[in-house]
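Hello,

Below is the structure for you to look at.

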Amino acid sequence: MRAILDTSVLIGELPPPDHVEAAISVASITELHFGVLVADDDDERARRTARLAVVEATFDPIPVTAEVARVWGQLAAAVARRGGNPRRRQIDLAIAATAQVEGVPLVTENIGDFQIINDLVDARRLSDL
């Protein structure tokens with residue numbers, strides 16, 4: 001099974017199961033770099049830097065293409081129409097749009113972030129694979 005891993009999975013302790021062909025969005029690289037840059041503690045910054053290095057060495061991230069951008073906009077609009085705040089989770093929506101364009105599930109530990117659009121996004125927990 002192929003799937004896009006959300007950043008919440010990339011920073012988690014458990015790797016995806018062996019039967020999952022994992023990919024990531026370039027948007028996750030953004031979130032990981034941000035996490036390094038805002039870490040106040042030197043030990044935490046070093047831990048995050050090491051995790052980022054592993055992720056960058058392991059994956060060739062899928063870019064945000066024009067098609068991904070269109071779907072991202074559609075998902076954001078759906079969140080707004082349903083009473084949510086799409087600006088709060090823009091990076092999550094970019095990652096979800098990447099999964100949608102690739103035609104694969106989004107694996108996330110933040111399943112609630114996608115509840116408002118669960119009919120549009122195939123979001124699954126790592127433990128449900």
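**What was found**

Helix α3 covers residues 42-58, which makes 17 residues, and spans 24 Å from its first C-alpha to its last, close to the 24 Å expected at 1.5 Å a residue. Please keep in mind that this is a predicted model.

The partner to look at next is α2. Helices α2 and α3 pack with their axes 8 Å apart, at an angle of about 160 degrees. Angles over 145 degrees count as roughly antiparallel, so α2 and α3 are roughly antiparallel to each other. Their crossing is left-handed. On the α2 side the residues are I29, L32, H33, G35, V36 and V38, and they meet R45, R48, T49, L52, V55 and E56 of α3. Sorted by class, this contact of α2 with α3 has six nonpolar, three polar and three charged residues.

Helix α2, residues 26-38, also packs against α5. Here the angle is about 150 degrees and the axes are 8 Å apart. α2 and α5 are therefore roughly antiparallel to each other. α2 passes α5 in a left-handed crossing. From α2, the contact uses A27, S28, T30 and E31, while α5 supplies I91, D92, A94 and I95. The residues in the contact of α2 with α5 divide into four nonpolar, two polar and two charged.

The last pair is α4 and α5. Helix α4 runs over residues 66-81 and helix α5 over residues 90-102; their axes come within 8 Å and cross at roughly 125 degrees. α4 and α5 are therefore oblique to each other. The crossing of α4 and α5 is right-handed. The contact involves E67, V68, V71, W72, L75, A76 and V79 of α4, together with Q90, L93, A94, A96, A97, T98, Q100 and V101 of α5. By class, the contact of α4 with α5 holds eleven nonpolar residues, three polar and one charged.

An α-helix has 3.6 residues a turn, so residues three or four places apart point the same way.

Regards

Methods:
Residues numbered from 1 in each chain as written. Predicted model: local features only at pLDDT ≥ 70, side-chain atom pairs only at ≥ 80, totals over all residues. Heavy atoms only, no water. Axes fitted to C-alpha atoms, helices over the stretch in contact; angles between N-to-C directions. Helix = DSSP H or I, 4+ residues; strand = E, 2+ residues; numbered from the N terminus. Parallel < 35°, antiparallel > 145°, perpendicular 65-115°, else oblique. Left-handed = near helix turned anticlockwise from the far one by under 90°. Contact = heavy atoms within 4.5 Å. Nonpolar A, V, L, I, M, F, W, Y, C, P; charged D, E, K, R; others polar. Expected span 1.5 Å × (residues − 1).
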